[in-house]
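Visitor: I would like to learn how to read a few features of a structure. Please take me through them.

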Amino acid sequence: VVGCDTPEAAWEVIGNDGTWTENDFDITPAEEICTGFEGTEQMLWIGEITSDGSGDGEVVCLVAVTAE
């Protein structure tokens, strides 16, 4: 993990789309995730991985860091 203002940063978090289960994140079309955060390029689910996909996690919305 690096700071958003370091040269090594490739992505910046622009929002949090709340708590989702692993299954819900996996089956939801990408265009329906992070809709409240314009410019989202990638979504990342961070949470508890379980054998049945029921673990809760947070969905973060990401945008690529551009060189200035």
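Visitor: Which residues does Thr-21 touch, not counting those up to four places away in sequence?

Guide: Contact means heavy atoms within 4.5 Å. Thr-21 touches Trp-45, Gly-53, Ser-54, Gly-55 and Asp-56. This is a predicted model: local features need pLDDT of at least 70, side-chain atom pairs count only at pLDDT 80 or more, and totals for chains, interfaces and linings use all residues. Residues are numbered from 1 along each chain as its sequence is written, and side-chain values use heavy atoms, leaving out hydrogens and water.

Visitor: Is Thr-21 buried or exposed?

Guide: Buried means under 20% relative accessible area, exposed over 50%, partly exposed in between (1.4 Å probe, protein chains only). Thr-21 has 19% relative accessibility, so Thr-21 counts as buried.

Visitor: How many aromatic pairs does the structure hold?

Guide: A pair of aromatic rings is described by the distance of the centres and the angle of the planes. The structure holds 1 such pair. The ring centres of Trp-20 and Phe-25 lie 6.4 Å apart with planes at 80 degrees, so this pair is edge-to-face. The cut-offs: rings of Phe, Tyr and Trp (its six-membered ring) pair with centres within 6.5 Å; planes under 30 degrees apart are stacked, over 60 edge-to-face, the rest tilted. Trp-20 is buried at 15% relative accessibility, and Phe-25 is buried at 17%.

Visitor: What is the order of the strands in the open sheet?

Guide: Strands of a sheet pair through backbone hydrogen bonds, either parallel or antiparallel. Here the order is β1-β3-β2, with antiparallel pairing. Strands are DSSP runs (E, at least two residues), numbered from the N terminus. Two strands pair if DSSP finds at least two bridges between them. 8 bridges join β1 to β3 (residues 56-64).

Key. Helices (H or I, at least four residues) and strands (E, at least two) are DSSP runs, numbered from the N terminus.
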